[in-house]
Every structure is written in C-alpha cells, then in structure tokens.
Amino acid sequence: MQLFLDTASIADVRAAARYGVISGVTTNPSLLAKEGGVSYRERVQEIASVIDGPISAECVSRKADDLVLEARELASWHPNVVVKIPIDEEGLEAIHRCSSEGIRINTTLIFSVNQALLAALAGATFVSPFVGRLDDVGEDGMEMVRQCVAVFESYGLSARVLAASLRHPLHVTAAALAGAHIATIPPTLLPQMMKHPLTDVGIQRFLDDARKAGIL
Ligand code: E4P
C-alpha cells in the first residue's frame, strides 16, 4: 500500500518528504482554507516540486460542463495533478468526459460501493472512500474499503482504491489489511505510526548498555 499525505501545507509536505515514504499528496478546499489565502495553483505547484507523484486538486464547480472546464484548468497546473471530482450525477458525467480526454480523476466523497463502482466504470483513476466520516455516522468505513477492493479485483477494474478520511494509526493498518492500494494520511499520523513506547525503552536500554560496554 502506498501512502499519500492529506494536506495543503507545504511545511508538512517538506517535513514528511525527508522519510521517503510519501508517494503523493491529496488536497481539498477545507485543507486549503487552513492555509490563509494562499493561491491554490501556487500551492499545488510547490507541493509538486517536493513530491514526485500524484497531487490531487479538487474541483468546486457543480455542473458537468463547468467541472470539465475547471478540471482542464487544474490539470494544466502540473503534469502530476490529479483532479478530484465529487460523485453525483453531474460529477459522474464530468468524470467520464475528463477521463476520455486523458485527465486523471480522483473521485471523492465516496460513501458506498455502488458509488465506487460507477466512478471506476466512468474511468476514474482513483476512488476515495471516506472511512472516518462513515465511522462518524455509525457505519463501518473500512468494510466499504474492503468491499471496493474486492469488487474492483473481481471485475478487473483498474481504478485504485484510495482510503481517505483516516483519523488514527489503526485506520492505516486496517486499510492495508483491507487491500487498499493507497492510504492518504493527515501529517499528524506519520509520527504516530513511527512511535512505539517499547522502541523508546529499547533505544534507551541499548544506549545505557553501550556506555557500560565502553562503545559510547
Ligand atoms: C482526501 O482526499 C479527503 O478529502 C480527506 O481525507 C477527508 O478527510 P476528513 O474526513 O478528515 O476531512
């Protein structure tokens, strides 16, 4: 499973890039709004100069014709831009039209396997089930990820399942076990994934013993 970083913060992207474990970045309007009025285009281009992989930028138009125009604009920002389009009737038409033009699409706000299937059939490159938001309303978000993966594999659909709206380290493990091709994680999850109290205790013990052994 690949890891993408779910952020519009260039500082967070730079900090995470040094580990070599991040293969792409996902942004959305809510993440951009936290960045204090920065130009979306400039921020995406900055991110693309740090991470050499798919960078998702999200459309805000609501009609298919407008979505197609907006998607063309976002895709022109950088060759690695993947355009996010939410699934609904207008969105699905736009996904089909954009994919036919060679624009890579990440279908966002997926909350059911049927939505994921439609997005994949329409030509989306990535399909993003929102795990945490489904959990929030008492449904099993990770089960939907598992079912999306199973359906795509059964029918040879090329769309990649991108587990999104992940909130804690167990979500990442569960996404990997569910067969997600990618998990996009908020920057706070990266240090949480690295840490284990027994690792800290172990490092300290080896340092103490290294001093006793005279090698430190
Ligand atoms: C990423 O593509 C999604 O927009 C993001 O993971 C949503 O996360 P949230 O539910 O925590 O806002």
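So, how do the residues of the shell around the ligand divide into nonpolar, polar and charged? There are 2 nonpolar, 3 polar and 4 charged ones; Ala, Val, Leu, Ile, Met, Phe, Trp, Tyr, Cys and Pro count as nonpolar, Asp, Glu, Lys and Arg as charged, and the others, Gly among them, as polar.

Quick caveats: this is a predicted model, where local features need pLDDT of at least 70 and side-chain atom pairs pLDDT 80 or more, while totals for chains, interfaces and linings use all residues. Residues are numbered from 1 along each chain as its sequence is written, and side-chain values use heavy atoms, with hydrogens and water left out.

Who's in that shell? Asp-6, Thr-26, Asn-28, Lys-84, Phe-130, Arg-133, Ala-164, Ser-165 and Arg-167 surround the ligand, each with a heavy atom within 4 Å of it.

Now the polar contacts, meaning pairs of N or O atoms within 3.5 Å. A side-chain N or O atom of Asp-6 is 2.6 Å from a ligand oxygen. For Asn-28, a polar side-chain atom lies 2.8 Å from an oxygen atom of the ligand, and for Arg-167 that distance is 3.4 Å. On its own the ligand exposes 350 Å², and the protein buries 84% of that (Shrake-Rupley method, 1.4 Å probe).

Notes
A polar contact is a pair of N or O atoms within 3.5 Å; within protein, one must be able to donate a hydrogen and the other to accept it, and residues adjacent in sequence count only if both atoms are side-chain atoms.
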